[in-house]
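Please look through the predicted model below, and then work through the questions that follow it, trying each one before you read its answer.

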Amino acid sequence: MKIHEYQAKSILAKYGVPVPRGKMASTVDMAVEIASELGGRVVVKAQIHAGGRGKGGGVKLAEGPEQVRQIAARILGMILVTHQTGPEGKLVQRLLIEETLPIARELYLGIVLDRTQGKPVVMASAAGGMEIEEVASKTPDLILKESFDPNAGLLGFQGRKLAFGLGLTGSSVTEAVRAMQALARAYVKNDMTLAEINPLVLTTDNHIVALDAKINFDDNALFRNKDILELRDLTEEDPLEVEASKFGLNYIKLDGNVACMVNGAGLAMATMDIIKYAGGNPANFLDVGGGASKEQIKSAFGILLADPAVKAVLINIFGGILRCDMLAAGVVDATRELNVKVPIVIRMEGTNVEEGRKILKDSGLNFAVAEDMKDAAEKVVALAQ
């Protein structure tokens, strides 16, 4: 789950990460009022779940409340297009009005999970303000790393090693270490998958401040973080993904035309790969899970077909807890109820597979039954084209 910058900063501030003074505004009048409270000269920042907002025209400096009014009126309601939104962009419905700071240097600070070590790793770089992927590609030596035990947190000597590596001196080293340790605590306590501050700035008066913040959370841990779940902004998410989450389905929309319904994440990934190998493009990732019910199968089918880009559907199921006869019955019911017009290819193996195939055959519906994954992929790609 993603959240907005102003929400991320609020969380980080609770753990001791220094952030600029600022508030969220959802109207022009609110933006002007907040700017007046902050002293007039502020930064107006569009709040969407995507990076590159500044380059897209979503971050502007305002010299006073009246200029804030003009800028806020222009940004609120705009479709902001960045390299992360795609050409369709995102509608701006919220702003962050924030004080300006005298910046001496821009740094990068982030935490992700290192799956090789099985530990979180702090990444720091003197190339703040740049895309970290670009830094990693062109100047990987500028990225410093320190993994840490989540139970112990980032230790002082590790923080100092990173701070010195960034070229910090004097009191800024102490402040940077505190910010790093606070970020590490926030990361662990809130089950984050990404915590990123870019840039982390050194001000001209030698203070460390998080000028931006991006946080992603582990969806599987939200049951124990109810306060975090309340920060979810459904307007920033794909409507089909939101609908799928209501039925306990793992769905991610992609840009292809072959819909996939699969049970198990590994099989889903393999199915998407083999569709690409056959010359097609998957329209989604949909894992109905090992124990999906007949009702969930119907719901999954409806979500797949709600995507207008879908030209054919591939159902690839290995029957275990989800028996093949239950799958077949669910697919037949859904096809009839939804008046499906696109071709459907089904490949299934496992528990009650013969009973499932009989249900499909006796339905009178025109399903294409595949012998194996290769056959299924080739058939569905040909039908989609």
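A pocket is an open set of points on a 1 Å grid where a 1.4 Å probe fits, with protein on both sides within 12 Å along at least five of seven lines, and its lining residues have an atom within 4 Å of a point. The model is predicted, and local features need pLDDT of at least 70, side-chain atom pairs count only at pLDDT 80 or more, and totals for chains, interfaces and linings use all residues. Residues are numbered from 1 along each chain as its sequence is written, and side-chain values use heavy atoms, with hydrogens and water left out.

Q: How much space lies in the second largest pocket?
A: A volume here is the space filled by probe spheres set on the grid points. For the second largest pocket, that space comes to about 1,100 Å³.

Q: Which residues that line the second largest pocket are the closest to its centre?
A: The lining of the second largest pocket is made of 43 residues. Within this lining, the closest to the centre are Gly52, Arg53, Asn198, Pro199 and Asp212.

Q: Which element gives the largest share of the lining of the second largest pocket?
A: Elements are DSSP runs numbered from the N terminus, helices (H or I) having at least four residues and strands (E) at least two. By class, the lining of the second largest pocket holds 19 nonpolar, 10 polar and 14 charged residues. The largest share of the lining, 5 residues, is given by E10.

Q: What is phi of aspartate 191 near?
A: Aspartate 191 sits in the loop between H6 and E10. Its phi has a positive value, in a residue other than glycine, and is near 55°.

Q: Which element gives the most to the lining of the largest pocket?
A: The largest pocket has a volume of about 1,400 Å³. Among the 34 residues of its lining, Asp219, Glu237, Glu241, Tyr251 and Ile252 are the closest to the centre. Two or more lining residues come from each of strand E12 (214-217), helix H8 (239-246), strand E13 (250-253) and strand E15 (284-287). The element that gives the most, with 4 residues, is E13.

Q: How many residues in the lining of the largest pocket are charged?
A: The classes put Asp, Glu, Lys and Arg under charged, Ala, Val, Leu, Ile, Met, Phe, Trp, Tyr, Cys and Pro under nonpolar, and the others, Gly among them, under polar. The lining of the largest pocket has 11 nonpolar and 10 polar residues, and the number of charged residues is 13.

Q: Are H11 and H12 roughly parallel or roughly antiparallel to each other?
A: Angles under 35 degrees count as roughly parallel, over 145 as roughly antiparallel, 65 to 115 as roughly perpendicular and the rest as oblique. The axes of helix H11 (residues 324-338) and helix H12 (residues 353-362) come within 7 Å and cross at roughly 20°. H11 and H12 are therefore roughly parallel.

Q: Which residues of H12 make the contact with H11?
A: Contact means heavy atoms within 4.5 Å. From H11, the contact takes Cys324, Asp325, Ala328, Ala329 and Val332, while from H12 it takes Val353, Glu355, Gly356, Ile359 and Leu360.

Q: How do H5 and H6 lie to each other, roughly parallel or oblique?
A: The axes of helix H5 (residues 156-165) and helix H6 (residues 171-189) come within 9 Å and cross at roughly 120°. H5 and H6 are therefore oblique.

Q: How many residues of the contact of H9 with H13 are nonpolar?
A: Helix H9 (residues 265-277) and helix H13 (residues 373-384) pack at an angle of about 55°, with their axes 9 Å apart. The contact is made by Leu267, Ala270, Thr271, Ile274 and Ile275 of H9 and by Met373, Lys374, Ala377 and Val381 of H13. Of these residues, 1 is polar, 1 is charged, and the number that are nonpolar is 7.

How values were computed:
Axes fitted to C-alpha atoms, helices over the stretch in contact; angles between N-to-C directions.
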